[in-house]
Amino acid sequence: METNKKTVLISGASIAGLTMAYWMKYYGYEVTVVEVSSSPRMGGTPIDVRGDALDSANRMGILEMIKNSRLPSMGLEFVNSQGDIEGRMLIDEISIRPGEDVEIRRDDLVNILYANAQGEIEYKFNNKIIVLEQDENKVAITFEDGTTGCYDLLIGADGLHSAVRKMVFGPEEQFAHFLNFYFTIMQVDAALGKENTGQTYNSPNHMATIYYYNRGFADALLAFKSSERINYDFRDTAAQKDIVINAFKNEGWKVPMLLEIMQNAKNFYFDQGCQIKMDSWTKGRVALIGDAAYAPGFPTGMGVTLALQGATVLADFIGKNDNIESAFDQYNNSFKDFVNALQATVYDGLAFLIPETFEDK
Ligand SMILES: Cc1cc2nc3c(=O)[nH]c(=O)nc-3n(C[C@H](O)[C@H](O)[C@H](O)COP(=O)(O)OP(=O)(O)OC[C@H]3O[C@@H](n4cnc5c(N)ncnc54)[C@H](O)[C@@H]3O)c2cc1C
């Protein structure tokens with residue numbers, strides 16, 4: 001059925017894309033979401049929803065659900081190579097709003113956002129944009145499955161290695177600032193974790209953390225510093241595992257077991273630590289949000305917060321302004337200082353999480 005509604009295509013069905021889908025429907029748009037995976041992607045360690053993102057969640061009507069999924073966190077424990085506890089940190093010590101910020105499993109948050117962005121939103125899973133052309137009125141899209149579409153707006157919410165950013169703004173190298181570390185995330189045996197706790201082991205330039213929240217499995221995060229970029233094939237998982245083994249082969253605590261488990265680990269994910277920095281997040285009728293636009297790096301602990309908040313800020317400007325150019329200008333101008341200040345905190349986070357010497361801790 002033909003409608004007079006304005007149309008938007010959102011690429012990526014994760015934190016930023018699902019938040020945007022909710023808001024664009026709220027503001028009267030006909031919404032289509034294209035996601036390369038077969039469903040919203042699960043996995044990841046516990047993440048934080050903080051500060052103004054809590055207000056966004058409240059306005060979306062999901063704050064209570066998020067709070068109900070709050071992890072019973074006892075915070076982080078720092079252990080030595082023998083497993084002895086040498087220090088502790090509670091989430092409230094790094095909170096923007098102590099007592100209010102929520103630590104939640106990434107899966108739970110994605111499920112809440114997905115359930116909230118239903119009804120008259122078309123999802124195209126197992127699909128992606130392969131051709132994109134825009135003029136001053138429309139963005140014309142050809143999808144991988146051969147179908148085509150024409151939209152008033154395109155929002156790129158497709159993460160750190162955004163395809164929309166590449167197609168519209170240029171190659172990733174122009175915007176990705178390497179933070180001199182690599183990391184891997186994977187699911188491991190629950191028995192390796194300690195109940196309701198994240199345990200972290202450090203040696204100079206290395207970090208291994210296991211989070212366990214009574215879910216039948218634990219999540220492990222290994223990270224190491226590297227002054228040089230390492231060349232590897234993004235599709236070659238075995239080569240990525242070799243890089244991790246090489247970096248951690250002399251480490252203590254439970255690291256040898258983690259390396260063993262990693263060989264067959266579910267949800268193995270390896271990437272470089274980097275930030276995305278852009279002068280403008282919009283071009284014509286295309287805008288970027290979340291990691292695609294301003295990935296802050298996980299040591300800030302703010303990737304999810306920024307994605308939720310950024311999508312809400314952009315949607316509000318679009319929803320309240322008939323002129324897209326001016327809505328995009330407002331988004332670029334109003335959110336930039338916040339993003340810059342937040343991205344600048346990554347080096348403190350890095351020095352704390354992956355110290356170069358034990359004196360840094
Ligand atoms: C599986 C997974 C695990 C994660 N684990 C952690 C973690 O443990 N700790 C942490 O701090 N952050 C983690 N993150 C990153 C975190 O989700 C983001 O930093 C933050 O939430 C910003 O979200 P985003 O929606 O902008 O990007 P992302 O969460 O990265 O989502 C991008 C989405 O776009 C999809 N996509 C990618 N390319 C295309 C394409 N060409 N076409 C269509 N869709 C595409 C992806 O499948 C994904 O669903 C993880 C992300 C993913 C995808």
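## Surface and overall build

The protein exposes about 16100 Å², and carbon and sulfur atoms supply 47% of that area. Keep in mind as you look around that this is a predicted model. Of the 361 residues, 56% count as buried.

How many helices and strands does the protein have? There are eleven helices, together with 18 strands.

## Size and folding

Along the principal axes, the C-alpha atoms fill a box of roughly 65 × 45 × 35 Å. A compact globule with 361 residues would have a radius of gyration near 21 Å, and the protein has 21 Å, so the two agree.

Now for the contacts. Take those between residues at least 6 apart in sequence: 71% of them join residues at least 24 apart.

## A stretch listed in UniProt

An unreviewed UniProt entry lists residues 7–24 under "transmembrane region". In this model, the chain over residues 7–24 is 56% helix and 28% strand. The C-alpha atoms at the ends of that stretch are 9 Å apart.

## A look at Asn127

Let's finish with a single residue. Asn127 sits in the loop between β7 (121–125) and β8 (129–134). Is Asn127 buried or exposed? Its relative accessible area is 4%; buried means under 20%, so Asn127 is buried.

Which residues does Asn127 touch, leaving aside its neighbours within four places in sequence? Asn127 is in contact with Val34, Glu35 and Val36, and also with Phe143, Glu144 and Asp145.

Note on methods
Residues numbered from 1 in each chain as written. Predicted model: local features only at pLDDT ≥ 70, side-chain atom pairs only at ≥ 80, totals over all residues. Heavy atoms only, no water. Helix = DSSP H or I, 4+ residues; strand = E, 2+ residues; numbered from the N terminus. Rg over C-alpha atoms; globule rule 2.2 N^0.38 Å. Buried < 20%, exposed > 50% of the residue type's maximum accessible area, 1.4 Å probe, protein only. Contact = heavy atoms within 4.5 Å. Areas by Shrake-Rupley, 256 points an atom, 1.4 Å probe, with all protein chains shown as cover. UniProt positions renumbered as here; feature names shortened; annotations may be inferred.
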